[in-house]
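Colleague: Let us go through this model together. I will ask, you answer.

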Amino acid sequence: LAQFMLDLHTGENGYTEVNPPLLVKDAAVYGVGQLPKFAEDMFHTDNGYWLVPTAEVPLTNLVNDTVLDEKDLPLRFTAN
C-alpha cells in the first residue's frame, strides 16, 4: 500500500520522492515547531540528535534558510 501511494504521488502528481534521515539536529526540530513544546515526548540522543516524529521535519528543512522564487512553488515532496 505504501509503495502504491509513493508511485501514485510521484508518477501521476509530480511529487519528488525523498528518503529522509531518521535523526535530525536541534535546529531542524525547532524549525518546524516540534521543540520546545514536544521535547518531553520525543526521543533524542546524547549528542544532540532527535528522532523525527514524521517526515515533515526533514522535508521542511530541505529548504531551510532558502528564499524561494514564487514561480518555483509549490514544492512537492513525498517520503518513504
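**Fold, surface and one residue**

Modeller: From the N terminus on, the chain's elements follow the order α-β-β-α-β-α-β. This is a predicted model: local features need pLDDT of at least 70, side-chain atom pairs count only at pLDDT 80 or more, and totals for chains, interfaces and linings use all residues. Residues are numbered from 1 along each chain as its sequence is written, and side-chain values use heavy atoms, with hydrogens and water left out.

Colleague: How many helices and strands does the chain have?

Modeller: Both are DSSP runs: helices are H or I, at least four residues, and strands are E, at least two, numbered from the N terminus. The secondary structure comes to 3 helices and 4 strands.

Colleague: Is T78 buried or exposed?

Modeller: T78 sits in strand β4, residues 77–79. Buried means under 20% relative accessible area, exposed over 50%, partly exposed in between (1.4 Å probe, protein chains only). T78 has 14% relative accessibility, so T78 counts as buried.

Colleague: Which residues does T78 touch, leaving out those up to four places away in sequence?

Modeller: Contact means heavy atoms within 4.5 Å. With that cut-off, the partners of T78 are L6, H9, T10, Y15, T16, E17, V18 and L59.

Colleague: What share of the contacts with a separation of 6 or more comes from residues 24 or more positions apart?

Modeller: Take the contacts in the chain with a separation of 6 or more. Residues 24 or more positions apart account for 62%.

Colleague: What percentage of the residues of the chain count as buried?

Modeller: The chain has 80 residues. The buried share is 21%.
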